[in-house]
Amino acid sequence: MSDVVTGDAVVLELRPARLPSRALAVLIDLAAVWAVYLLITLGLAVATASLDEAAVMALSIASFLLILVGAPIAVETLSHGRSLGKLACGLRVVRDDGGPIRFRHALVRGAMGVVEILMTFGVVACVSSLVSERGRRLGDVFAGTLVVRERIPAARMLAVPPPPPWLVGRFAGLDLSAVPEPLWLEIRQYLTRARELDALVGRRLAERLADELVARTGTPPPPGVPAEAFLAGVVAERQARDARRAFGPAGAGVTGMPGVAGMPGVPGAGWSAGAAGTGGMVGPGAPGAGWTAETAGPGAPGPDGTAGAVEAARASAGGAPVGAPSSGAPRPVSPVAPLPADGGPAGAAPATGFAPPA
């Protein structure tokens, strides 16, 4: 990339065209121009057969200047620096400040092109392009122009590899607010290309990035966790936080409702009938915002339109089935112990989801 400063002091990052692409564009232009020149020369030879030798020579010089010199200048002026060859190769001639060229720029480039391309068969243009830092030939130097690439291949987007399963959710409490974006970008680039690096170089780079990340977060990695796995786990945690901020909490149903998650009015295992009808994240024993089994009459359909919802609600609440005699007094709902986080038996210590590598 080359930094081009505009008249408003704005730095433009442009990619200068190098010798191979420029040579191909010049060959295409010369092939087109010489084909037109030969056709016109043959036509003039037939049309001027009766003229004297001086007139034929004058017409030959005029056709040479107009076709081989004037035509490229006119094309570059009208197309703002895009000849046929440059259009095919994705190149464009611009000024040193990044603006479009005008007639004077095209005129100087065309005049110098006669010397460094036509008269020396391109040797001077090749040497000057190789010596120049931005690949400019003498015509570009005198005209104050630059040939840049317009079509830049798009970078291949590589997905960041996921962390090991035993590290998923391990960094949920990590403070990532002090980590700058350039460091995130460097870590993602390393993770996407870690398999392409030498093992020793990749390990040293991962350790350096991990040290910088620890310095920003103030929390060291768990013992025994490799630097690459630590970086992958922290990046996955940041992506999960970004997804939650963008899309909100995942799911709209009650957590822990097997088979009927998200269906309002049907309590799941471990939930009281009073929590039915909310359809959201309601804790055990919380009063429901919709209907309950105590207020619904016998045979009353649930909010989902099915009559069996009442029986399901009563069965979960510990009440009698529909149609059984009732004393009229509300029956207390027995408290239900919440399920542990890991789905194991009640009273067991909550699992952290972290297991050291083998």
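Me: What is the volume of the largest pocket?
Reply: Happy to start there, with the reminder that this is a predicted model. In this model, the largest pocket has a volume of about 860 Å³.

Me: Which residues lie nearest the centre of the largest pocket?
Reply: The lining of the largest pocket is made up of 38 residues. Nearest its centre lie V26, D29, L30, P72 and I117.

Me: Which elements give two or more residues to the lining of the largest pocket, and which gives the most?
Reply: Five names come up here, and two or more lining residues are given by each of α1 (19–47), α2, α3, α4 and α5. The top contribution to the lining of the largest pocket is 12 residues, and the helix that gives them is α1.

Me: How many helices and strands does the protein chain have, and in what order do the elements run?
Reply: The protein chain holds 10 helices together with four strands. Reading from the N terminus, the order of its elements is β-β-α-α-α-β-α-α-α-β-α-α-α-α.

Me: What percentage of the residues of the protein chain count as buried?
Reply: A residue is called buried when its relative accessible area is under 20%. The protein chain has 358 residues, and the share that counts as buried is 31%.

Me: Where does H80 lie, is H80 buried or partly exposed, and what is its phi?
Reply: H80 sits in the loop between α2 (53–78) and α3 (84–89). Since its relative accessible area is 40%, H80 is partly exposed. H80 is not a glycine, yet its phi is positive, at about 55 degrees.

Me: Where is F121 found, and is F121 buried or exposed?
Reply: F121 belongs to the loop between α4 (103–119) and α5 (123–131). Here too phi is positive in a residue other than glycine, with a value near 55 degrees. Because its relative accessibility is 76%, F121 counts as exposed.

Me: Which residues make the nonpolar surface patch of about 470 Å²?
Reply: Let's begin with one of them, V127, which has its place in helix α5. Its relative accessibility is 47%, so V127 counts as partly exposed. The patch of about 470 Å² is made by V127 together with F121, V123 and V131.

Me: Where do E116 and R137 lie, are they buried or exposed, and what is the N to O distance of their salt bridge?
Reply: The salt bridge between the side chains of E116 and R137 links distant parts of the chain, with E116 in helix α4 and R137 in the loop between α5 and α6 (138–143), 21 residues apart. Both partners are buried. From N to O, the distance between E116 and R137 is 2.3 Å.

Me: With which residue does D97 form a salt bridge?
Reply: D97 is partly exposed because its relative accessible area is 27%. The closest N and O atoms of its salt bridge are 3.1 Å apart, and the partner is R95.

Me: How many salt bridges does the structure hold, and which residues are linked in a network of them?
Reply: The structure holds 18 salt bridges. A network of salt bridges links R22, E76, K86, R109 and D140.

Me: Where does D96 lie, and what separates the C-alpha atoms of D96 and L146?
Reply: D96 is placed in the loop between β3 (91–95) and α4. D96 counts as partly exposed because its relative accessibility is 30%. Although D96 and L146 are 50 residues apart along the chain, the separation of their C-alpha atoms is 6.0 Å.

Technical notes
Residues are numbered from 1 along each chain as its sequence is written. This is a predicted model: local features need pLDDT of at least 70, side-chain atom pairs count only at pLDDT 80 or more; totals for chains, interfaces and linings use all residues. Side-chain values use heavy atoms; hydrogens and water are left out. Buried means under 20% relative accessible area, exposed over 50%, partly exposed in between (1.4 Å probe, protein chains only). Patches are made of residues with over 30% relative accessible area and no salt bridge: like charges are joined within 9 Å, nonpolar side chains (Val, Leu, Ile, Met, Phe, Trp, Tyr) within 5 Å. Accessible areas come from the Shrake-Rupley method with a 1.4 Å probe; for residues, only the protein chains shown count as cover. A salt bridge is a side-chain nitrogen of Lys or Arg within 4 Å of a carboxyl oxygen of Asp or Glu. On a 1 Å grid over the protein atoms alone, a cavity is a set of points where a 1.4 Å probe fits but cannot get out, and a pocket is an open set with protein on both sides within 12 Å along at least five of seven lines; lining residues have an atom within 4 Å of a point. Grid points are joined across faces, edges and corners, and a volume is the space filled by probe spheres set on the points.
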